[in-house]
Amino acid sequence: MEHNDLKIYKGNIFYFDENVTLKDFTAGKEASGTIYHYIENGLLAVENGKILAVGDYNTCIKDYPDAQVIDYSGKMITPGFIDTHLHVTQSGTVAAYGEKLLEWLNNYVFPCESAYLDDDAARTDINFFLRELIKNGTTTAVGYGPLTYSATDILFEELSRRNIRFITGNTMQDRNSPEYLTLPAKENYENALKIIHKWHNKGRQSYAITPRFAFSSTEELLELSKSLKTEYPDLYIQTHIDENLAEIEGIKTLFPWSKNYLDVYDHFGLVTDKTVFGHCIYLTDEEYMVMRDRQAIISSCPISNNFLGSGLFNIKKMMQYTDRITLGSDLGGGNTLSMLAVLDEFYKVGMLQDFKVYSMTRWFLCTLGAAKSLGLSDVIGSFKPGKEADFIIIDPKATEFVSYRTDRVNDIYELLFVLMTLGDSNLIEDTYIYGKSMKNFV
Ligand SMILES: [Zn+2]
């Protein structure tokens, strides 16, 4: 058999078993070897951007006598992270002092996003953002794009140039926003249509209908969002919900007919199994039930929630309702793109509510679990042969402190826990997207 583009990666390989669901962890199978594969001195064979084989190095290398071997001995080779909630446009306002959600948007975020009205500035910021995202080991993301057609087009160009799997769209808003970030509902809709025609399902790109949140949307805009979903049923939808108490009060005033916040989106047909809802902190029991019944995708963003003083996501309760739970950095409410740091914060949010979230559970939520929730587990999230080769190299000796501590771990559970608790982008030695090292990508 001819292997044109074959590469062999040698290292400690970790990934979840294809058949695992979140329920398997909650049922106490944390210690069972069947939920994950950890192959010390393992081999990952990659060809033409896809996983060709995975297994024990000494056994499998015999099948590839002439292949180029990239040696990551002592390092972990594992599927890249999936971040399901972030804002491409907010790198410039990370670490903004002293405000909660609505004031923070008005005082910091909206002025920062006005930079995207200039195409050159937009491209520079997008490239900065994507370099940082990839440096942190994230290989798939669901994110909010810019307002305008041209800046969103530039975003898709840059995503496409990197061949990174990404779900995004022009962020639509037509009220409660400064004039420079307000477009008439119809214009938001027409921009969306143009982007969909040009980019949706092109390569690894998917379009998400993106009304920022109901608070900045008129009923006309939400109605037009519904039209997009009706015309293109395979589109994703992303928006925010139940993040902050003042926001929820505002929704009651803007949509007096609604039973609750989620009811606004549901009224316009936007609560679907392809809708990613950011935050979900203050859901009522009825909203939990509707989320469950519609199989909506939950994105918890613990760093952002703590930074903006928004509140605590109820992990235990959400797990009782649905297994479609994922994690987001929510840059720039979140101040990092490191999913290791997000996993650490998620643990602390659990501890503040007397609920321990296992190491494996959390790692699953931002790899195979997220792939399953997004309906992408046939292509990403594990090392099953045939899947797209999105993987990262984690160096447990990258810093003196992490090295000191990982020298003293007893097993893979403790190793993951230490990596999540102490880790950040320093630990990510390289990120491979569709089989290609991104280390020197400019
Ligand atoms: Zn957000």
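This is a predicted model: local features need pLDDT of at least 70, side-chain atom pairs count only at pLDDT 80 or more; totals for chains, interfaces and linings use all residues.
Residues are numbered from 1 along each chain as its sequence is written, and side-chain values use heavy atoms, with hydrogens and water left out.

Let me begin with the zinc ion, which is coordinated by NE2 of His 85, NE2 of His 87, NE2 of His 240 and OD of Asp 330, at 2.1 to 2.4 Å. Donors here are N, O and S atoms within 2.8 Å of the metal (3.2 Å for Na, K and Ca), and since water is not among the atoms, sites may look incomplete. The spacing of the donor residues in sequence is H-x1-H-x152-H-x89-D. Distant parts of the chain are linked here, with His 85 in strand E5 and His 240 in strand E10, 155 residues apart; helices (H or I, at least four residues) and strands (E, at least two) are DSSP runs, numbered from the N terminus. The arrangement is irregular because the four donor atoms subtend angles of 84 to 172°, where four donors count as tetrahedral if all angles lie between 85 and 135 degrees, four count as square planar and six as octahedral if opposite donors are over 155 degrees apart and all others between 65 and 115, and anything else is irregular.

His 87 and His 240 come up again in the largest cavity, where they are among the residues nearest its centre, together with Leu 101, Trp 104 and Leu 105. On a 1 Å grid over the protein atoms alone, a cavity is a set of points where a 1.4 Å probe fits but cannot get out, and a pocket is an open set with protein on both sides within 12 Å along at least five of seven lines, lining residues being those with an atom within 4 Å of a point. The volume of this largest cavity is about 110 Å³, counted as the space filled by probe spheres set on the points, which are joined across faces, edges and corners. Helix H3 gives the most to its lining, three residues.

What, then, lies between the two domains? The second largest cavity does, because domain 1 (7-79 + 383-437) and domain 2 (81-373) both give residues to its lining; the domain bounds come from an automatic or database domain assignment. The largest pocket, too, lies between these domains, since both give residues to its lining.

That pocket holds about 220 Å³ of space, and strand E15 supplies the largest share of its lining, four residues. The lining divides into five nonpolar, one polar and six charged residues, with Ala, Val, Leu, Ile, Met, Phe, Trp, Tyr, Cys and Pro counted as nonpolar, Asp, Glu, Lys and Arg as charged, and the others, Gly among them, as polar.

Strand E15 also belongs to an open sheet of seven strands with mixed pairing, in the order E3-E2-E1-E4-E14-E15-E16. Strands E3 and E16 stand at the edges with a single partner strand each, so one side of each has no neighbour in the sheet. E14 and E15 pair in the antiparallel sense over four bridges, two strands being paired if DSSP finds at least two bridges between them. Within that pair, Ile 392 stands opposite Thr 431 in E15, and Thr 431 is also one of the residues lining the largest pocket.
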